[in-house]
Amino acid sequence: MSEHILTSNHPAPDTLQYYIDAFLLKHRAERHSLKTLKYYETNLSRFQWFLAQHGYSTQLADITPTHIRAFLLYAQEAEAGRWGTDAGRHADKLSPFSVHAFARCLRAFWRWASDEADLSRNPFSNVAMPKIPNQWKVEAFTDAEIKELFRAIERMESPFMVA
């Protein structure tokens, strides 16, 4: 966990790192769980790594919706070498749910940072959330299955089971 708490070696106030640290400090002060703090720190650090790795500015005011979309696309498509390592899970393609988690993290960060930094625009406001597959495939019972279910209940001898 990043331990920058307004020390003399704290990043410059116009940088992404400064606002990541301030965002984490806000969540620590609100006593959010360590798991939540780690989630934000890891995902935001990966976003910052992506910007620096691809030669983009890490000045808060320079980050645009295009940078965010490029990061989300990188998260969707990159396999080997993602986040600068080929080890372990970093060599596998991310699931749509993981990419969506990155987007949720960035959306929360930019909502907060836009107010905190008094930005004239929120760069995430024009970014669409990545689609995730619908996991809710509900199969309705047929009329015959419903009738059989009620007949089975009527045959029950235990009032507890009927209830």
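What percentage of the 163 residues of the protein count as buried? The share is 31%. This is a predicted model, so confidence comes before detail.

## Confidence and overall build

The mean pLDDT of the protein is 86. A score of at least 70 is reached by 86% of the residues. Helix H2 has the highest confidence, with a mean of 95. Helix H6, residues 159-162, has the lowest, with a mean of 63. Where pLDDT is low, predicted coordinates should not be read in detail.

The protein has 6 helices and 0 strands. Read from the N terminus, the order of elements is α-α-α-α-α-α. Take the contacts between residues at least 6 apart in sequence: 56% of them join residues at least 24 apart. The accessible surface is about 10,800 Å². Carbon and sulfur atoms account for 54% of that surface.

## Aromatic pairs

How many aromatic pairs does the structure hold? There are 14. One of them joins Phe 23 and Tyr 40. Phe 23 sits in helix H1 (residues 16-29), whereas Tyr 40 sits in helix H2 (residues 34-53). The pair therefore ties together parts that lie 17 residues apart in sequence.

Are these two residues buried or exposed? Phe 23 is buried, at 2% relative accessible area. Tyr 40 is buried too, at 13%.

Phe 109 and Trp 110 also form a pair. Here the centres are 5.2 Å apart and the planes stand at 80°, so this pair is edge-to-face. Phe 109 is buried, with a relative accessible area of 0%. Trp 110 is likewise buried, at 0%.

Which residues do ring pairs link into a cluster? They are Tyr 18, Tyr 19, Phe 23, Tyr 39, Tyr 40, Phe 109, Trp 110 and Trp 112.

## His 100

Helix H4 spans residues 96-116 and includes His 100. The relative accessible area of His 100 is 14%. The cut-off for buried is under 20%, so His 100 counts as buried. What does His 100 touch, leaving aside neighbours within four places in sequence? Its contacts are Met 129, Pro 130 and Ile 132.

Most residues other than glycine have a negative phi. Arg 31 has a positive one, near 60°. Asp 118 is not a glycine either, and its phi is about 55°. Where do these residues lie? Arg 31 is in the loop between H1 and H2. Asp 118 is in the loop between H4 and helix H5 (143-155). Arg 31 is exposed, at 75% relative accessibility. Asp 118 is exposed as well, at 68% relative accessible area.

## Accessibility at a glance

The table collects values for the residues discussed.

| Residue | Relative accessible area | Class |
|---|---|---|
| Phe 23 | 2% | buried |
| Tyr 40 | 13% | buried |
| Phe 109 | 0% | buried |
| Trp 110 | 0% | buried |
| His 100 | 14% | buried |
| Arg 31 | 75% | exposed |
| Asp 118 | 68% | exposed |

Terms used:
Residues numbered from 1 in each chain as written. Predicted model: local features only at pLDDT ≥ 70, side-chain atom pairs only at ≥ 80, totals over all residues. Heavy atoms only, no water. Phe/Tyr/Trp six-rings, centres within 6.5 Å; stacked < 30°, edge-to-face > 60°. Helix = DSSP H or I, 4+ residues; strand = E, 2+ residues; numbered from the N terminus. Buried < 20%, exposed > 50% of the residue type's maximum accessible area, 1.4 Å probe, protein only. Contact = heavy atoms within 4.5 Å. Areas by Shrake-Rupley, 256 points an atom, 1.4 Å probe, with all protein chains shown as cover. pLDDT = per-residue confidence, 0-100.
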